[in-house]
Amino acid sequence: MSFNQKILNSSALKSVVLQLIVALCTFSSLQAATPGLPFTEDFANSNLKNESLSTALWSNKLQKAFLGQRNAKSLGLRSGTTTTLNISSTPISSTSRRIHSADVNGDGYPDAIANDFSRLNIHFNNRTADPFLSQIISQTGFTSNIYDIATGDIDHDGDIDIVVATFGGTNRLYLNDGSSQPFQNATALIISTDSASTRGIVLVDMNGDGWLDVVAGNESSANRLYLNTGVAPFLTGIVGTNISSDADRTYDIKVADLNNDGFPDVAVSNSGTATEKYYLNDKNIDTDNNPFTSVLGLSISSDIGAFVDALDLGDVNNDGWVDVVTTGGSTNKVYLNSQNPLTPFDAATVSNTISNENEFGREIKLRDLDDDGDLDAIVAYQRARD
């Protein structure tokens, strides 16, 4: 290459560089915001966003993008990607409405607790790749159908006890005896003489005394609270109190701190002509040790559905406030918390449809299934793929 050729190439390179600088300066004059590191974001400036291409919900007030609002995707458990294992080799003889998981024998592995109409079945984990193969089932019978199961250490002895909700009978308590098959010869203790159609039951310390209490959701009668005295026989034979005077067709009941005041509140799903409701804990300001004295039920929204079978509570949009998801009929919905500590939800709350599966949803749970830091929804359908 000659000296003149080198000069020519050098001049051409300079020309290209100058053109790039001019182009960048022109782009900067159109697009750049106030200088910063690398610049100050200003979503109110139309030069800094392309609304026709953006799928984010921009907030001029908060100056940030809420990227968590993604379209729901139905995954399903497919035979090509999952392995189906029986929990029991013994077929159930009737309807199983609930299944619950807890380490009831203290070996570090979760066991399965389910109902077979009026029997409580406990399937002990054998700690293998097929964890419930040929395992002994502890069965205890009732005269009423079991609709829900909850577990927790009720008597503070370090192991897991069980409470069950019965439809048209008395709710029962099983105290763990600490053995390897702790409920094999257990006696079902009557929590209260109340006889109701209980569809949902939760164990939570509602009054802050350190002992787990029972919250029962009843169909067509008042939902009830049973406070654990901390004295043997603990929850057995205690007198319950109404959470409110509402006597709706409650199908499910959950507990969480809905208004971020540090106290657990109650939310229920109702079927028929009633809306879903919530009840805010009064923090025992009336000194009667009942956190719901004279508390009124507030509507989660104005939605009224023929059947809302279940709900769950969790922060679905990661804003630090607990939201509500429901299933029933053919539609799964989410209700976002307004962040108002007095009325986190009200009749004006608008539901967002999670999905329309055209199937009858019976149960819904919020869990982070893919470890991406946000909650996913799992729905169990009647006679359809979950």
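1. Ground rules. This is a predicted model, in which local features need pLDDT of at least 70, side-chain atom pairs count only at pLDDT 80 or more, and totals for chains, interfaces and linings use all residues. Residues are numbered from 1 along each chain as its sequence is written, and side-chain values use heavy atoms, with hydrogens and water left out.

2. Salt bridges overall. Side chains of opposite charge can pair when their charged atoms come close. Searching the whole structure turns up eleven salt bridges (a side-chain nitrogen of Lys or Arg within 4 Å of a carboxyl oxygen of Asp or Glu). Three of them are picked out below.

3. Aspartate 194 and arginine 224. Their side chains meet in a salt bridge, at 3.0 Å from N to O. Aspartate 194 sits in the loop between strand 10 (189-190) and strand 11 (196-204), while arginine 224 belongs to strand 13 (residues 224-226), so the pair ties together parts that are 30 residues apart in sequence. Strands here are DSSP runs (E, at least two residues), numbered from the N terminus. Aspartate 194 is partly exposed, at 23% relative accessible area, whereas arginine 224 is buried, at 15%. For those words, buried means under 20% relative accessible area, exposed means over 50%, and partly exposed is in between (1.4 Å probe, protein chains only).

4. Glutamate 219 and arginine 199. In this salt bridge the closest N and O atoms are 2.7 Å apart. Glutamate 219 is in the loop between strand 12 (213-218) and strand 13, and arginine 199 is in strand 11, so this pair ties together parts 20 residues apart in sequence. Glutamate 219 and arginine 199 are both buried.

5. Lysine 277 and aspartate 246. Here the salt bridge is 3.5 Å, N to O. It links distant parts of the chain, 31 residues apart: lysine 277 is in strand 17 (residues 277-279), and aspartate 246 is in the loop between strand 14 (241-242) and strand 15 (249-256). Both residues are buried.

6. Six of the six residues of strand 12 are buried, so it is largely enclosed by the rest of the structure. In a regular strand the side chains alternate between the two faces of the sheet. Both faces of strand 12 are covered, with Asp213, Val215 and Gly217 buried on one side and Val214, Ala216 and Asn218 buried on the other.

7. Neighbours of strand 12. Strands count as paired if DSSP finds at least two bridges between them. Strand 11 and strand 12 pair in the antiparallel sense over six bridges, and valine 204 stands opposite aspartate 213 in strand 12. Strand 12 also pairs with strand 13, antiparallel again, over three bridges; there, valine 215 stands opposite leucine 225 in strand 13. Strands 12 and 13 form a hairpin with five residues between them, and serine 220 in the turn has a positive phi of about 65°.

8. Strand 21 (residues 331-335) and strand 22 pair in the antiparallel sense over four bridges, and asparagine 332 has serine 355 in strand 22 as its bridge partner.
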